[in-house]
Amino acid sequence: MPVTGSRSTWLSTGIAALTLAFSAIILTAPDSSAEPVDYGKGDDAGQSGGSDDTGIYATARITYSGSVAANGSKGNVTSADVNWTPPPCWYAPYLGAKDFKKKMSGDIESQMNAPGMGGHAGAALSELKRHYEDEYGWTDTPGYKDYNVDKDGEGMFWAAVENPNEPDLLKRNSCNDLPFWVDNGEAPPPQYEEAVTPEILAALAYQHMQLPDTEVSLAPEQTTKVNLPTWAWLDKAVFDDVQATAAINVPGFNIQATTTARPVSLTLEPGTDDAVTYPASGECTINDDDSIGEPYARGKADRTPPCGITYLRSSGDGTYNLQATITWDISWTGTGGAGGDLPDGTFGNDQAVTVQEIQAVNR
């Protein structure tokens, strides 16, 4: 059947009913613990999914490697740009034609035979069935003949994936287009701006990246004196670049991106206004040898530390909460020579510091 009418007109009349039905069919991803199928949720395990006799994988999965949080959880990096967020959803390879027909046709029939499935919902399901079986389509969305089974092995249907780490439900559900076909080796149609790319994978690798829990070296350590400079430093041996990689690998579609975080500065927040930081901004930049600050040694007592703090008041019976935040310059490279910069990332540690008054002894 030729392309009929306008996709936007059809969606305006049936989208609510179709969204309800379609969500039950395909868009609702399982819990992160569900096995064996994963719809792209973060994990450091391998790709999962079944395959038919042609070797077509039943699902595609984003895999993570390198310095990433375990079990697909969010990493510990905070973007320095409050306006930057990872993608809330995307489109990725889902099923080969035969597998898609088996899954979609069965779920459509099940929904259509459900009690009370009439009116707009029933009409929307009928249109959905025609879309995949009888070439019923819209201006920018052509239909399919018998679920494209004559092209099985030559491409895959792509479908929406929700980012489980996105807290906003509306954003997470914003990729609400129907599954669409992409030939092996071809790019998805241009209207699907959220189709997964190396840049999207780079952003997801950023989201899952786990930076080292590095504690700043202090001298004096843990306990210092009022008006006595406390030296702070990070040794280059524990201050290396960190990398995280995200990849999709299915027949006819194989892309990846590696996100690299390079430490560039350390910011000290004393935990009280009664303190002076060195330098005055509290930001200690990286040295030529990739260290930050300078270790304290004998003979430096009368010098001002290049990176450090002087507390001006005792912490009394408690402690001050010294916050040491490392800023990381983050860039990425990906399949096809793609690459660029991502917003700086930050990650901080808290350290308890006791500040005592200097006691004078009279004899």
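# Chat about a predicted model

Q: Is Thr245 buried or exposed?
A: Thr245 counts as buried, because its relative accessibility is 15%. Buried means under 20% relative accessible area, exposed means over 50%, and partly exposed is in between (1.4 Å probe, protein chains only).

Q: What kind of model is this?
A: This is a predicted model: local features need pLDDT of at least 70, side-chain atom pairs count only at pLDDT 80 or more, and totals for chains, interfaces and linings use all residues. Residues are numbered from 1 along each chain as its sequence is written, and side-chain values use heavy atoms, with hydrogens and water left out.

Q: Back to Thr245. Where does it lie?
A: In strand 9, which covers residues 242-250. Strands (E, at least two residues) and helices (H or I, at least four) are DSSP runs, numbered from the N terminus.

Q: What does the side chain of Thr245 make a polar contact with?
A: The side chain of Thr258, at 2.8 Å. A polar contact is a pair of N or O atoms within 3.5 Å; within protein, one must be able to donate a hydrogen and the other to accept it, and residues adjacent in sequence count only if both atoms are side-chain atoms.

Q: And which residues is Thr245 in contact with?
A: Leaving aside neighbours within four places in sequence, Thr245 contacts Thr63, Tyr64, Ser65, Ala205, Gln256, Ala257 and Thr258. Contact means heavy atoms within 4.5 Å.

Q: What about Ile248, buried or exposed?
A: Ile248 counts as buried, because its relative accessibility is 1%. Ile248 is in strand 9 too.

Q: Zoom out. How many helices and strands does the protein chain have?
A: Five helices and 16 strands. The chain has 363 residues, and 46% of them count as buried. Among contacts with a separation of 6 or more, 72% join residues 24 or more positions apart.

Q: How many residues are in the largest nonpolar core?
A: There are 77, and those with the most contacts inside it are Tyr132, Trp158, Val196, Leu266 and Leu268. Strand 15 (residues 320-334) gives the largest share, seven residues. A nonpolar core is a set of buried Ala, Val, Leu, Ile, Met, Phe, Trp, Tyr and Cys residues joined through side-chain atoms within 4.5 Å.

Q: What does Trp158 touch?
A: Not counting residues up to four places away in sequence, its partners include Tyr91, Pro93, Phe180, Pro188, Val196 and Phe253.

Q: Helices now. Which residues of helix 2 are buried?
A: Ala97, Asp99, Phe100, Met104, Asp107, Ile108 and Gln111. Seen down the helix axis, they fall within an arc of 155 degrees, so they line one face of helix 2. The arc is that of the directions from the helix axis to the C-beta atoms.

Q: How far does helix 2 reach?
A: Its 16 residues (97-112) reach 22 Å from first C-alpha to last, close to the 22 Å expected at 1.5 Å a residue. The expected span is 1.5 Å times one less than the number of residues.

Q: And which residues of helix 3 are buried?
A: Ala121, Gly122, Ala124, Leu125, Glu127, Leu128, His131 and Tyr132. Just after helix 3, Glu135 takes a positive phi of about 65 degrees.

Q: Where is the peptide bond cis, with omega near 0 degrees?
A: From Ala219 to Pro220. Pro220 lies in the loop between strand 6 (217-219) and strand 7 (223-225). Gln222 is in the loop between strand 6 and strand 7 as well, and has a positive phi of about 70 degrees although it is not a glycine. A cis bond also joins Tyr278 and Pro279, with omega about -5 degrees.

Q: Last one. Where is Thr272 found?
A: In the loop between strand 10 (253-269) and strand 11 (275-278). Its side chain reaches the backbone nitrogen of Asp274 at 3.1 Å. Not counting residues up to four places away in sequence, Thr272 touches Tyr311 and Tyr320.
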